[in-house]
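The following exercises concern the fold of a single protein chain. Each task is followed by a solution worked out step by step.

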Amino acid sequence: MKLIILGRDGVINPQPATHVDGPEHWEPLPGVLEAIARLHREGWRVVIVTHQPAVAHGALRMEALNRIHARMLDLIRHKGGDIEAIFICPHGSESRCRCRPPLPGLFEEIAERLKINLSGVAVAVAGAEELAAAQSAGSQPVRIGPSEVADGVAFASLPQFCDALIAGRVVLPG
Ligand SMILES: [Zn+2]
C-alpha cells in the first residue's frame, strides 16, 4: 500500500507557538510542497492528520481551520501534489476523545475509512504524542525534525524523508 500519513505542525508547516490562526498566517516549511508533489507523482496516496485543541478552547474557529487547510491544499495542488484527506482532532484533553494523540483513534479512523491495514504505513510526524499514537495504531512512525536521541526512523525534514522513501532507502515493514 503506497499510503503515507503526514502530521501538519512541525512537518508541513513550522511548529507554531500556539496555533496557526488564519490562512494568511499559514506558510509551508521549505521544500515541503515540492516533496508532496514528488510523492504524488510516484503514486503515493497522502493523508494528513492534525490535532488542533485551539478549536475546543475557542481560540480557533472550525471555519478558520477549514480556510487554513483550503490554502494548504491550494498551494500543494499548485505544485502538482494532492492530498486525499485531512483527519482532524479538534478536541481538548477534557473531552477524553479517542482521536487525541497519544491515543490512536485518528489513525484507526483512517484505517476504517480507507479500508486499509496500517501495518507498514509510514506516519511522518513531529510530536512525541503523535509518534506514540502512530505506534499504537500499528503503523510505522517516522520522526520529522531535529532529534537529540537517534531512536527509530528519524529525518530532519519531510523533503529528506520523501527523497529517501522514493529512492527506496527507507524500508518499511509490512
Ligand atoms: Zn479528538
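**Exercise 1. Composition and dimensions**

How many helices and how many strands are there in the chain?

Solution. The model is a predicted one. Step 1: the chain holds six helices and six strands. Step 2: followed along the sequence, these elements give the pattern β-α-β-α-α-β-α-β-α-β-β-α. Step 4: the C-alpha trace spans about 45 × 35 × 35 Å along its principal axes. Step 5: of the contacts with a separation of 6 or more, 63% join residues 24 or more positions apart.

**Exercise 2. A residue in strand S6**

Solution. Step 1: Val153 has 16 C-beta neighbours inside 10 Å. Step 2: a buried residue needs 20 or more and an exposed one 12 or fewer, so Val153 counts as partly exposed. Step 4: Pro141 lies 12 residues from Val153 along the chain, and their C-alpha atoms are separated by 7.2 Å.

**Exercise 3. Helices H5 and H6**

For each of these two helices, list the buried residues and state what they pack against or are covered by.

Solution for H6. Step 1: in helix H6 (residues 158-166), the buried residues are Leu158, Phe161, Cys162 and Leu165. Step 2: viewed down the axis of H6, these residues fall within an arc of 100°, so they line one face of the helix. Step 3: their cover includes strands S1 (3-7), S4 (122-125), S5 (140-144) and S6 (153-155), together with helix H1 (32-41).

Solution for H5. Step 1: Glu130, Leu131, Ala133 and Ala134 are buried in helix H5 (residues 128-136). Step 2: the arc they cover around the axis is only 160°, which puts them on the same side of H5. Step 3: the buried residues of H5 pack against S1, H4, S4 and S5. Step 4: Gly138 follows H5 and has a positive phi, near 85°.

**Exercise 4. The nonpolar core**

Which residues of the largest nonpolar core touch the most other members?

Solution. Step 1: buried residues make up 33% of the chain. Step 2: the largest nonpolar core has 42 residues, of which Leu6, Val11, Val123, Ala124, Val125, Ile144 and Leu158 touch the most other members. Step 3: H1 supplies the largest share of this core, five residues. Step 4: beyond four places in sequence, Val125 touches Gly7, Val11, Glu130, Leu131, Ala134, Pro141 and Ile144.

**Exercise 5. Backbone exceptions**

Where do Arg96, Lys115 and Pro102 lie? Describe the backbone geometry at each of them.

Solution. Step 1: most residues other than glycine have a negative phi, and most peptide bonds are trans. Step 2: Arg96 lies in the loop between S3 and H4 and, although not a glycine, has a positive phi of about 55°. With 9 C-beta neighbours inside 10 Å, Arg96 counts as exposed. Step 3: Lys115, in the loop between H4 and S4, is not a glycine either and has a positive phi of about 55°. Lys115 has 6 C-beta neighbours inside 10 Å and so counts as exposed. Step 4: Pro102 lies in the loop between S3 and helix H4 (105-114). The peptide bond from Pro101 to Pro102 is cis, with omega near 15°.

Key: Residues are numbered from 1 along each chain as its sequence is written. This is a predicted model: local features need pLDDT of at least 70, side-chain atom pairs count only at pLDDT 80 or more; totals for chains, interfaces and linings use all residues. Helices (H or I, at least four residues) and strands (E, at least two) are DSSP runs, numbered from the N terminus. The arc is that of the directions from the helix axis to the C-beta atoms. Two residues are in contact if their C-beta atoms, placed from the backbone, lie within 7 Å. A nonpolar core is a set of buried Ala, Val, Leu, Ile, Met, Phe, Trp, Tyr and Cys residues joined through C-beta atoms within 7 Å.
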